[in-house]
Amino acid sequence: MRRTTDAAILFRGASVGYGRRTILGPLDLEVPRGRITTLIGPNGAGKSTLLKTVTRELPLLSGDVELFGKDLHSYSPKELASVTAAVLTERIHPELLTCRDIVAVGRYPYTGAFGVLTEEDERKIDQALADVHAEEIADRDFTQISDGQKQRILLARALCQEPDLLILDEPTSYLDIKYKLDLLTVLQKMTRDRGMTVVMSLHEIDLAQKVSDLVVCVGKGGLFKVGTPEEVFQKSLIQDLYGMENGFYDAMFGSVEFLESDRTDGTREVNPSEGSGATVGTGVSGSLEGAGQSSPAHRVVVLSMGGAGIPVYRRLQKLGIAFSAGLLSELDVDYHLAREIADSVTAIPAFTPVTEAQLSEVKEAIDGADRVIGAGCPDDMNRSDALKELEEYSRRRGKLASPEEFFHGA
Amino acid sequence: MGEQTWKITQRKRRARYAAVFLLLILALGVVTVVSVNTGNVRISVPELVRAVFLQEGRPDVIAILWTIRLPRILTGLMMGGAIALAGFLLQTFFENPIAGPFVLGISSGAKMAVAIVMILLMDRVANLGSGVLVVAAFLGALAATALVLLFSQWIKNAAALLLAGIMIGYICSAVTDFLTTFAKDSDVVNLHGWSMGSFSGMSWQDVRVSGMIVLAASILTFLLSKPIGAYQLGEAYAASMGVNVRWFRAEIILLSSLLSGCVTAFAGPISFVGIAVPFLAKRMLGTSRPILVIPAAFLTGSLFCMVCDLIARTAFAPTELNISTVTSIFGAPIVLYIMLQRRRMNHA
């Protein structure tokens, strides 16, 4: 085979789409060999279309696609089937076939005219079943197993085809988190141990960030960006890619966070006069109801460090209660989230000592607050002096409550 | 450990497959013997053996066996197998276990084509060979299939597609009725007798022609067992494994039309066998792997039709029932069962 490039797939000015309608392209893309490349982006942007073009389920509309250095369209169907295998979104409903039967069909490109399996084939079927940890369900009827197991069997079927390139279209849909991780772990193993190239589309961008070597963003309106996870997973790019208005992707935590729609304009400054008259956070859970409807009053201060504040912030956000976050180092994980979802944060710049001015700023906030939530710090950390001082300050004013006391009523 | 478990399972399965085929062949043998020996004229067993194997004995016995009973038995054997395979192919194609040449209107299409040929050409062409009727039936079956395919472009729902097939069947029947209304009495008698469905009245020439067609189409179907196995996972998966889907689909349509056209041309429309028999074969084998189901469905179809024919000619002798009546009585409940079972599965 002539190899002009080291890429597994090389798109050059390629346009993909259905019928005569171009959905994506013309695009240039180089999919590296032996790595995991993930397509992310909203539904309907063309992820599946791109994958189906590689499997030749859809014809290429224009441009060139090379597969392992050879023009995609010069492959015979059988040749292509021995180089690529796919796990598709189509759900299959075979009757009276065992999981082993399904996996065995993957030997298709290698068996003779009647598809009779040799000892060698049987061994490869065993291997594929073992690779996805499905030995124990091998003899069960395919229709009688769970969605997670079905997906593993379909992956085993594809592995049985011994492809150099494995294509998966949303392989983790319908799977619970354990199966998602299992599946992606198998894929990582295949690339590392067997040098298989994996190209897939994923909806779970957090998993995509962690599992991919290369990420391809496919957005509406021709948005197309390729890069390493570090390059791609930036707040603004992901927000644009999915057109997210009510939330954002936190690249550091790899998590999706909510934004209240009336706070998306980026103004997070505190207007003290707004807070007057609100009855939020008085320690009685009943009074919290409806807090989301009133204008977010800035009457709660959260004191924490080292990540202890994060669950409290999320909880307050869910209830629609505005809050300010207490003295946090810019290096603190609490600060990382607080600056996104708290109404105000008093922060200590990295590698600088606490100043009196910062302390009194928080104290002022405490004075103006109805309630102070002392979220403390994780068990394996020691409270900083500043945190101790602020907690003591709040306690003396009778405002300090633990998260439990605050959310459930003391 | 895992390897051993599946090897044991595999051995058990192979024993089951062997048992199923052995039983089918045995049952076919028994039914053949019983059929040869059953009829209005009683013939003793020694006489029968001599007449069949040595062609010796009373001339009337030889005549009854060689011109009536043996062609009829062979016809049942072939037509039963053919209609079962036609059903299996259509079920594969439409990915629907209740697809079959009768419910999809394909038999009616074939019947209409035969009626047109019989009524319009009978006068002009002195001796219409069975070949012409087969070609007409094949083209009729193909046309009806094309219509069903056309509808399947818009109708993705399997039940609605069957309904479309049934409607096509009704339209073809209406055209056939229209033609018979204005046809000459002698033609109508011919057509009516034929359209009732029967394995009788086959000449050895007919048996040879139909036998050749059925044999060839069945072997071709068997040769397709590998791609059919891939297609059972759906069109997209089949394509990803190297099946040339476009060509494969064309092959299936041509073969199923040839098989159902041939049956309709020689024996008339036979209902429900195409659905019930592949189902029974799969259940007996405990698998739907085509390499096993195709031969098993052929044998089961032969057995089913031979038993039904035996019932048709003996139940109310000397009056004969039409073969479709008997196959419906046994086949329709099975089809109903399949539908109910699928419903349950969908709701589970």
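Q: Where in chain A does Phe68(A) lie?
A: Phe68(A) lies in the loop between strand E4 (62-67) and strand E5 (70-71) of chain A. Helices (H or I, at least four residues) and strands (E, at least two) are DSSP runs, numbered from the N terminus. This is a predicted model, in which local features need pLDDT of at least 70, side-chain atom pairs count only at pLDDT 80 or more, and totals for chains, interfaces and linings use all residues. Residues are numbered from 1 along each chain as its sequence is written, chains are lettered from A and ligands numbered from 1 in the order in which they are written, and side-chain values use heavy atoms, with hydrogens and water left out.

Q: What is the phi of Phe68(A)?
A: Phe68(A) has a positive phi of about 45°, although this residue is not a glycine. Glu170(A), also not a glycine, has a positive phi of about 45°. Glu170(A) is found in the loop between strand E7 (165-169) and H6 of chain A.

Q: Is Phe68(A) buried or exposed?
A: Buried means under 20% relative accessible area, exposed over 50%, and partly exposed in between (1.4 Å probe, protein chains only). Phe68(A) has 5% relative accessibility, so Phe68(A) counts as buried. Glu170(A), with a relative accessible area of 18%, is buried.

Q: How many helices and strands does chain B have?
A: Chain B has 14 helices and 0 strands. Of its 348 residues, 53% count as buried. The accessible surface of chain B comes to about 16,100 Å², and carbon and sulfur atoms hold 69% of that surface. Accessible areas come from the Shrake-Rupley method with a 1.4 Å probe; for residues, only the protein chains shown count as cover.

Q: What share of the contacts in chain B joins residues at least 24 apart?
A: Contact means heavy atoms within 4.5 Å. Among contacts in chain B between residues at least 6 apart in sequence, the share that joins residues at least 24 apart is 76%.

Q: What is the area buried between chain A and chain B?
A: The size of an interface is often given as the accessible area lost when the parts come together. Buried area is the accessible area (1.4 Å probe) that two parts lose on being put together, summed over both. Between chain A and chain B, this area is about 2,700 Å², with 61% given by carbon and sulfur atoms. Leu96(A), Tyr108(A) and Phe114(A) supply 27% of the area that chain A buries against chain B, more than any other three residues. The contact takes 34 residues from chain A and 29 residues from chain B.

Q: Which side chains meet Glu95(A) in a salt bridge?
A: Side chains of opposite charge can pair when their charged atoms come close. A salt bridge is a side-chain nitrogen of Lys or Arg within 4 Å of a carboxyl oxygen of Asp or Glu. The side chain of Lys282(B) meets that of Glu95(A) in such a bridge (2.6 Å, N to O). Between chain A and chain B, the count is 1 salt bridge.

Q: How many salt bridges are there over all chains?
A: The count over all chains comes to 26 salt bridges. One of them joins Asp121(A) to Arg107(A), with the closest N and O atoms 2.9 Å apart. Asp121(A) lies in helix H4 of chain A and Arg107(A) in the loop between H3 and H4 of chain A, so the pair ties together parts that are 14 residues apart in sequence. Both Asp121(A) and Arg107(A) are buried.

Q: What does the salt bridge of Asp131(A) and Arg194(A) tie together?
A: The closest N and O atoms of Asp131(A) and Arg194(A) are 2.7 Å apart. Asp131(A) lies in helix H4 of chain A and Arg194(A) in helix H6 (residues 177-194) of chain A, so the pair ties together parts that are 63 residues apart in sequence. Asp131(A) is buried, with a relative accessible area of 5%, whereas Arg194(A) is partly exposed, with a relative accessible area of 41%.

Q: Are Lys180(A) and Glu204(A) buried or exposed?
A: Lys180(A) and Glu204(A) are buried. Their side chains meet in a salt bridge (2.6 Å, N to O).
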